[in-house]
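Here's a quick tour of a two-chain model, put together for someone who has the coordinates open.

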2 protein chains.
Amino acid sequence: MKISELGEFGFIDAIKEDTLFNPDPVVIGIGDDGAVYKTSAGMEQVAVIDTMVENSHFIIHRTGDWYDVGYKAVASNLSDIAAMGGVPTHIVLSTAIAPDMEVDGLVSLYDGIKDICRSYHVNILGGDTVTSKEGMVITVAAFGEIEEGKAIRRSGARPGDIVAVSHTIGNSSGGLAVLLQNHDGYSQLKRAHRFPVPQVELGRLLVKYNCHSLNDISDGLASESNEIAKASDVRLVLKKEAIPVSDELKAWARESKTNVWKYVFNGGEDYELIFTMEPADFHALQAEYSDVTQIGVVRSGSGDVLLVDGDSESILAPTGWTHF
Amino acid sequence: MKISELGEFGFIDAIKEDTLFNPDPVVIGIGDDGAVYKTSAGMEQVAVIDTMVENSHFIIHRTGDWYDVGYKAVASNLSDIAAMGGVPTHIVLSTAIAPDMEVDGLVSLYDGIKDICRSYHVNILGGDTVTSKEGMVITVAAFGEIEEGKAIRRSGARPGDIVAVSHTIGNSSGGLAVLLQNHDGYSQLKRAHRFPVPQVELGRLLVKYNCHSLNDISDGLASESNEIAKASDVRLVLKKEAIPVSDELKAWARESKTNVWKYVFNGGEDYELIFTMEPADFHALQAEYSDVTQIGVVRSGSGDVLLVDGDSESILAPTGWTHF
């Protein structure tokens, strides 16, 4: 059945159940002009918004299925909240849908949205559905909370800080290349692209361990490290050989005769974290959460990133994914 | 200059100034992964989201200019907050932009956004900009506040209530017809379509005067009155001759040989309010805010709307603007 046959209200009826995964703060959920919710005493609110456009951010049945699109539209927002050190609490979302879209695909999209919201105990508070001329545009706005004064900016890096990242970098854009070539195997890379994991748990630990500056890696390590350097007015010195890269990504780079560093520095959508903090705090963090790796240090400077590769040094340009 | 020549970061630099029109509650505005803000003690939060799609919701230089699109994308959200009785406080927004869009148009769009935000003391906390394949899609998510337990649902209408609306109904869709025919005159109708006024002040008075149920009229009076009747499980009895219609809309209907009631019942985007409350409260409201008109009463029933037209009665079908 096409969405045009089901109609707007039929569609809302089909998806409005099973949307509150932490009902306590919700006063009014889906079904009125607006949703109403309570906030927690002593907490500040975090707000983010992110859009995915069909054939720009995803190609259906090639880079992922509708389920993945729903999952990822929420994941990118939760990652932005994690990148402030916050706990996500609610989303509202808007879908612009082509009239000939199959209802099955839409249901699958909402399954993806609901499953990640369930995992993170995030409520779906409401939404808007409109007609697009061609292809889907999905926008999610997410809210979260953080203890007063504790939000971690990208502008707080200080000389003497350690620079570190979570897990491994570059898997998502490696996975995208594998998917676009319809290549077998490389399941870790494909999974990293289709189901990135917002680092909410780590973000909370970074608040606990006095992290000075923090970004999520949505546009590649080159772009994100430069953002911290520029916002903090310091120099980040990164050691290339220290950057954690997965064996699968190395294998894919060998097989596809591509440069592994292209994925690491200029890829996107890893949704890992890059952060800076004092060495003692970093070691305390590592004792509690081992999947973090020092990749450099912060020096005084004026907003650039120096990449050290063996005996050679070069300025790392902020070349990441740009939208225009 | 095209947006593709300016680039994403150039664009953000061009619009990031002049975004906070009530800076006190804002901890972190545009420029980090997420925005951070404080909420007020004793208040609950209202969240809404709304999307406008080019050539579906607007046709540039025909139904309005870019400035109007920005204004209206915010206005429809503020209207949803007014329809809960809330005070709007912040927005985040996302624009999907065709690469060949002129930068002048984008600046004008943001001027419209900023001007209405300035009028209502609403902060622009952040946004996302992505590429669309064709045409613009703009999504605004707005937040607001309301005193604990005071949000006005659409489900609270009680037998014995008065049914009332604000100002006059149908001007916006009348104005759309005038604009689509590129007809001279009818400035009130055109203005109603291009610059609808979110009824925030009246929404606050409806909280003060114990309003029982409330909707904004975004999809026509037929649809919105039926929503209240259905959600409240009552019958709304509306007196056709009591519904306030502007002289300009009547004149346009005569000149264009169209049925004036089509605009009133089945038009959209008026963003006036329809509400129900006890007669004594309504009269107290009228003493403070005169631009409200009783159009009917609430009877016990099971979710429908009876339209009384002189001696004849008929059930008013919930036929409004639908998106599929």
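Of the 12 residues in α8(B), 10 are buried, so this helix is largely enclosed by the rest of the structure. Bear in mind that this is a predicted model. Helix α8 of chain B takes in residues 221–232 and reaches 16 Å from its first C-alpha to its last, close to the 16 Å expected at 1.5 Å a residue. Just past the end of α8(B), Asp233(B) adopts a positive phi of about 55°.

How are the two chains related? Chain B superposes on chain A with a rotation of 180° and 0.0 Å of shift along the axis, at an RMSD of 0.0 Å. The copies are thus related as by a two-fold rotation axis. They also meet through the same surface, because 100% of the interface residues of chain B are interface residues in chain A too.

Now for the annotated sites. UniProt, in an unreviewed entry, puts a "binding site" feature at Asp50(A) and Asp128(A). The entry also places a "binding site" feature at Tyr110(A), Gly127(A), Asp128(A), Arg154(A) and Ser218(A). Those five don't all gather at one spot, because the farthest two C-alpha atoms are 32.4 Å apart, with the positions spanning 109 residues in sequence.

| Residue | Relative accessible area | Class |
|---|---|---|
| Tyr110(A) | 6% | buried |
| Gly127(A) | 53% | exposed |
| Asp128(A) | 13% | buried |
| Asp50(A) | 17% | buried |
| Tyr71(A) | 12% | buried |
| Phe195(A) | 16% | buried |

Several of these positions have contacts in the other chain. Asp50(A) sits in strand β3 (residues 43–53) of chain A. Leaving out residues up to four places away in sequence, Asp50(A) touches Asp128(B), as well as Ser76(A), Asn77(A), Asp80(A), Ile138(A), Thr139(A) and Val140(A). Asp128(A) belongs to strand β5 of chain A. With residues up to four places away left out, Gly127(A) touches Leu93(A) and Ile49(B).

Tyr110(A) lies in helix α4 (residues 103–119) of chain A. Neighbours within four places in sequence aside, Tyr110(A) is in contact with Phe11(A), Ile15(A), Leu93(A), Thr95(A) and Thr129(A).

On to the aromatics: the whole structure holds 13 aromatic pairs over all chains. Which way do the rings of Tyr71(A) and Phe195(A) meet? Their centres are 5.2 Å apart and their planes stand at 85°, so the pair is edge-to-face. This pair links distant parts of the chain, 124 residues apart: Tyr71(A) comes from helix α3 (residues 66–82), while Phe195(A) comes from the loop between α6 (187–194) and α7 (200–208). Elsewhere, Tyr37(A), Phe143(A), Tyr37(B) and Phe143(B) make up one aromatic cluster.

Finally, the unreviewed UniProt entry assigns residues 158–306 of chain A to the domain "PurM-like C-terminal". That span is 44% helix and 21% strand, and its end C-alpha atoms lie 16 Å apart.

Conventions
Residues numbered from 1 in each chain as written. Chains lettered and ligands numbered in written order. Predicted model: local features only at pLDDT ≥ 70, side-chain atom pairs only at ≥ 80, totals over all residues. Heavy atoms only, no water. UniProt positions renumbered as here; feature names shortened; annotations may be inferred. Helix = DSSP H or I, 4+ residues; strand = E, 2+ residues; numbered from the N terminus. Phe/Tyr/Trp six-rings, centres within 6.5 Å; stacked < 30°, edge-to-face > 60°. Buried < 20%, exposed > 50% of the residue type's maximum accessible area, 1.4 Å probe, protein only. Contact = heavy atoms within 4.5 Å. Expected span 1.5 Å × (residues − 1). Least-squares fit on C-alpha atoms with pLDDT ≥ 70 in both.
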